[in-house]
Amino acid sequence: EATIWDAFHEPLLRGKGERDARPAGGPQPTALRTTEPVLDVYGDTAVVRHRLTAELPDGTQLRVRNTGVWRRDGDRWLCVHNHEDLLP
């Protein structure tokens with residue numbers, strides 16, 4: 001039930017139901033690449049930052065800056081917030 005700032009959808013999304021119900025944002029990527037990862041763990045909380053390049057079917061590349069906040073739940077990590085910014 002993470003909150004999500006989606007680069008292609010302005011309102012804050014709350015949980016998988018809202019994420020799945022948002023309008024389609026155009027063509028789906030054919031490839032995703034992450035670069036420049038930075039990970040910090042503070043006890044049961046982790047903050048992950050990276051750049052994401054999404055390649056579209058026509059060869060266009062979208063660059064996105066991404067930050068995720070994760071919480072440890074026993075032996076697994078759950079995303080509690082994800083933030084995306086589309087780069088020019």
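## Basis of the report

A polar contact is a pair of N or O atoms within 3.5 Å; within protein, one atom must be able to donate a hydrogen and the other to accept it, and residues adjacent in sequence count only if both atoms are side-chain atoms. The model is predicted: local features need pLDDT of at least 70, side-chain atom pairs count only at pLDDT 80 or more, and totals for chains, interfaces and linings use all residues. Residues are numbered from 1 along each chain as its sequence is written, and side-chain values use heavy atoms, with hydrogens and water left out.

Six strands form an open sheet with mixed pairing, in the order 2-1-6-5-4-3. Strand 2 (9-14) and strand 3 (31-42) are at the edges with a single partner strand each, so one side of each has no neighbour in the sheet. On average, neighbouring strands are turned by 20° against each other, direction ignored. Strands (E, at least two residues) and helices (H or I, at least four) are DSSP runs, numbered from the N terminus. Two strands pair if DSSP finds at least two bridges between them.

Strands 1 and 2 run antiparallel and are joined by three bridges. In strand 2, Leu-13 is the bridge partner of Ile-4.

Asp-6 is found in strand 1 and counts as buried, at 13% relative accessibility. Buried means under 20% relative accessible area, exposed over 50%, and partly exposed in between (1.4 Å probe, protein chains only). The side chain of Asp-6 reaches the backbone nitrogen of Phe-8 at 2.7 Å, and a polar contact of 2.9 Å joins it to the side chain of Arg-22.

Glu-36 lies in strand 3 and counts as exposed, at 52% relative accessibility. The phi of Glu-36 is near 55°, a positive value in a residue other than glycine. Most residues other than glycine have a negative phi.

## The largest pocket

The largest pocket is lined by 32 residues, of which Asp-6, Phe-8, Arg-19, Arg-22 and Glu-84 lie nearest its centre. A pocket is an open set of points on a 1 Å grid over the protein atoms alone, where a 1.4 Å probe fits, with protein on both sides within 12 Å along at least five of seven lines; lining residues have an atom within 4 Å of a point.

Elements that each supply at least two lining residues include strand 1 (3-6), helix 1 (15-21) and strand 6 (76-86). Strand 5 gives the most, with five residues.

Notes. Axes fitted to C-alpha atoms, helices over the stretch in contact; angles between N-to-C directions.
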